[in-house]
Amino acid sequence: KVITAMVVSTTGDVIAQHVAHRAAQKDLPPALQKMLPLRKLDLRRTAMFMFFGGFYTGAVQHVWFGFLNSAALSPYLPEGTVSRAIARALVNQLCWVPWVYFSLFYAWRGYCRRETPAQTLVLARREWWPTLKLNWKFWIPAQTVLFAVFPPVLQVPVCCLLALIWR
């Protein structure tokens, strides 16, 4: 799962960089757009996403999803019900993601960018709420389906593939 997460995170970042570069050129005439070379890949950024994806998605999320799938989380909701899938998605998105995932992500990104803790905190405070709202629009429905449809053994790999869309 760690290797899968690293490969998907790397692929997602390369695609995201390519799309962002092309979007920045959208106001240019089409003939000129085709003539311009692709911007050089930001390897530092790609490595950051690769290692974070392997660590968080492949390892931490694997353990966390194990807890979400355990009976301890929702003993009163029958297994295999939509209400249980919704409960899992909401616990993940309202409790874990805002506080644990984003904290780890911003700390790692700041370290990789060689920012001071104060700089990292300023950026995190500015980006946290808008990013969280976008996150919820995509991930609450996506993870509800994930927990309702896929068995636990496939949830992290499917989550990795969904992350390609998210980026």
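Colleague: Before we start, which pLDDT do local features need?
Modeller: Residues are numbered from 1 along each chain as its sequence is written, and side-chain values use heavy atoms, with hydrogens and water left out. In this predicted model, totals for chains, interfaces and linings use all residues, side-chain atom pairs count only at pLDDT 80 or more, and local features need pLDDT of at least 70.

Colleague: Happy with that! Are α3 and α4 roughly parallel or roughly antiparallel?
Modeller: Helices here are DSSP runs (H or I, at least four residues), numbered from the N terminus. Axes are lines fitted to C-alpha atoms over the stretch in contact, and angles run from 0 to 180 degrees between N-to-C directions. Helix α3 (residues 43-68) and helix α4 (residues 82-112) have axes 11 Å apart and pack at an angle of about 150 degrees. Angles under 35 degrees count as roughly parallel, over 145 as roughly antiparallel, 65 to 115 as roughly perpendicular and the rest as oblique, so α3 is roughly antiparallel to α4.

Colleague: How many nonpolar residues does the contact of α3 with α4 have?
Modeller: Contact means heavy atoms within 4.5 Å. Residues of α3 including Phe52, Phe55 and Trp64 meet residues of α4, among them Trp96, Leu104 and Trp108. Ala, Val, Leu, Ile, Met, Phe, Trp, Tyr, Cys and Pro count as nonpolar, Asp, Glu, Lys and Arg as charged, and the others, Gly among them, as polar. By class, the contact of α3 with α4 has one polar, three charged and 17 nonpolar residues.

Colleague: Which element gives the most to the lining of the second largest pocket?
Modeller: A pocket is an open set of points on a 1 Å grid over the protein atoms alone, where a 1.4 Å probe fits, with protein on both sides within 12 Å along at least five of seven lines; lining residues have an atom within 4 Å of a point. Trp99, Phe102, Arg125 and Trp128 are among the residues that line the second largest pocket, and the elements giving two or more residues to this lining are α4 and α5 (117-149). With six residues, the element that gives the most is α4.
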